[in-house]
Amino acid sequence: MAGIRNIVILTGAGVSAESGIDTFRSEGGLWEQHRVEDVATPEAFARDPDLVLRFYDMRRAAIQTKQPNAAHLALAKLDREWKGDLLIVTQNVDDLHERAGAKRVLHMHGEHLSVWCTACDARSRWTGPLIDRPACPECGKTALRPDIVWFGETPYEMDAIYAALEQADLFVSIGTSGAVYPAAGLVREARQAGIATLELNLEPSQGTRWFDEARHGPATEVVPAWVEEVLLR
Ligand code: BJW
């Protein structure tokens, strides 16, 4: 850990699992309950908007009843206390990193508590349902959709993510299966740039062989332990 100044952390559904938010690919996860093609593509939204809006209304309501866990809190502590650059790139669409107090967070797959107006392109904070087709707070048109990056769409802030990675000395991946690109490819980009890489996950991810080091266990245990180690170094 010596010589580490700038850190990029990628988080996935596993970091929120112990807060009671379903992951996607685990047994009983979201993709076992719903076909991806039915709910998480622009084509699905065009074909059956009610189904898609209900799916996201249900999850938007659910995340607001959940609380950050020890892993979110530890990362927020690291964000507060780390003097070098730090960026938490989350694939998660919940707001638990922010509610734990983290500030340097970027949501590459969008956010449940945001809506995107396809008429005026505005993004607005949103906590309620969309099924009744409410008007856009900015332009008044009824063209709101979940502000979520679906399959086939471009993830947000890729330039900022690659720029942070270029300056990083350490890339840490937490609670993600490594199944979805471009997020899953970040570890290889980090390796090619000579950056140290660490995986913290319940089990080996699909990309585990690309990491210099992997520690396996529940996020609420392995993340706080790693954060204390980094802050003490
Ligand atoms: C614990 C734990 C505990 C459990 N403690 N750990 C063929 C090859 C390569 C790529 C493609 C391809 N065909 C299509 C593509 C591209 C496609 C893609 O990757 N598809 C793959 C399925 C192959 N990607 C895209 O379309 C993306 N866009 C794109 O590529 O644009 C082009 C472009 C590229 C580069 C630059 C610019 C542009 C868009 C992807 C959008 C993903 N969207 C979703 C849905 C969001 C909405 C929603 O929430 O409904 O995002 S999919 C879903 O998966 C969600 C997640 O963010 C994402 C990642 O999942 P995550 O977080 O890894 O969760 P899980 O469940 O998979 O894993 C959880 C892990 O936690 C597991 O390992 C557990 O063990 C662990 N765990 N409990 C610690 N307590």
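Me: Why is histidine 109 called buried?

Reply: Histidine 109 has a relative accessible area of 14%, and buried means under 20%, with exposed meaning over 50% and partly exposed in between (1.4 Å probe, protein chains only), so histidine 109 counts as buried. The model is a predicted one, in which local features need pLDDT of at least 70 and side-chain atom pairs count only at pLDDT 80 or more, while totals for chains, interfaces and linings use all residues. Residues are numbered from 1 along each chain as its sequence is written, and side-chain values use heavy atoms, with hydrogens and water left out.

Me: Where does histidine 109 lie, and which residues is it in contact with, leaving aside its neighbours within four places in sequence?

Reply: Histidine 109 sits in the loop between S3 and S4, where helices (H or I, at least four residues) and strands (E, at least two) are DSSP runs numbered from the N terminus. Contact means heavy atoms within 4.5 Å, and, with neighbours within four places in sequence left aside, histidine 109 is in contact with Thr90, Gln91, Val93, Asp147, Ile148, Val149, Pro155 and Val180.

Me: What makes S3 and S9 edge strands?

Reply: Two strands pair if DSSP finds at least two bridges between them. Six strands form an open sheet with parallel pairing, in the order S3-S2-S1-S7-S8-S9. Strand S3 (105-107) and strand S9 (213-216) each have a single partner strand, so one side of each is left without a neighbour in the sheet. Neighbouring strands of this sheet are turned by 15° against each other on average, direction ignored, where axes are lines fitted to C-alpha atoms, for helices over the stretch in contact, and angles run from 0 to 180 degrees between N-to-C directions.

Me: How many bridges join S2 to strand S1, and how many join S2 to S3?

Reply: Strand S1 (residues 7-11) is joined to strand S2 (residues 86-90) by five bridges, the two running parallel; isoleucine 7 has leucine 86 as its bridge partner in S2, and threonine 11 stands opposite threonine 90. Between S2 and S3, which also run parallel, there are three bridges, and isoleucine 88 stands opposite valine 105 in S3.

Me: Why is S2 described as largely enclosed by the rest of the structure?

Reply: Five of the five residues of S2 are buried, so the strand is largely enclosed by the rest of the structure. Leu86, Ile88 and Thr90 point one way from S2, whereas Leu87 and Val89 point the other way, and all are buried. In a regular strand the side chains alternate between the two faces of the sheet.

Me: Which strands does helix H8 lie across?

Reply: Helix H8 (residues 158-167) lies across S1, S2, S3 and strand S7 (170-174), and runs at about 140° to S2. Helix H10 (residues 219-232) also packs on the sheet, where it touches S1, S7, strand S8 (196-201) and S9, and its direction makes about 145° with that of S8.

Me: What makes strand S5 and strand S6 the edge strands of their sheet?

Reply: This open sheet consists of three strands in the order S5-S4-S6, with antiparallel pairing, and strand S5 (123-125) and strand S6 (144-148) are the edge strands, since each pairs on one side only. The twist averages 45° from one strand to the next. Strand S4 (residues 110-117) is joined to S6 by five bridges, and tryptophan 116 has arginine 145 as its bridge partner in S6.

Me: Is serine 19 buried or exposed, and is arginine 209 buried or exposed?

Reply: Serine 19 has a relative accessible area of 12% and is therefore buried, whereas arginine 209, at 61% relative accessibility, counts as exposed. Serine 19 lies in the loop between helix H1 (14-17) and helix H2 (30-33), and arginine 209 in the loop between S8 and S9.
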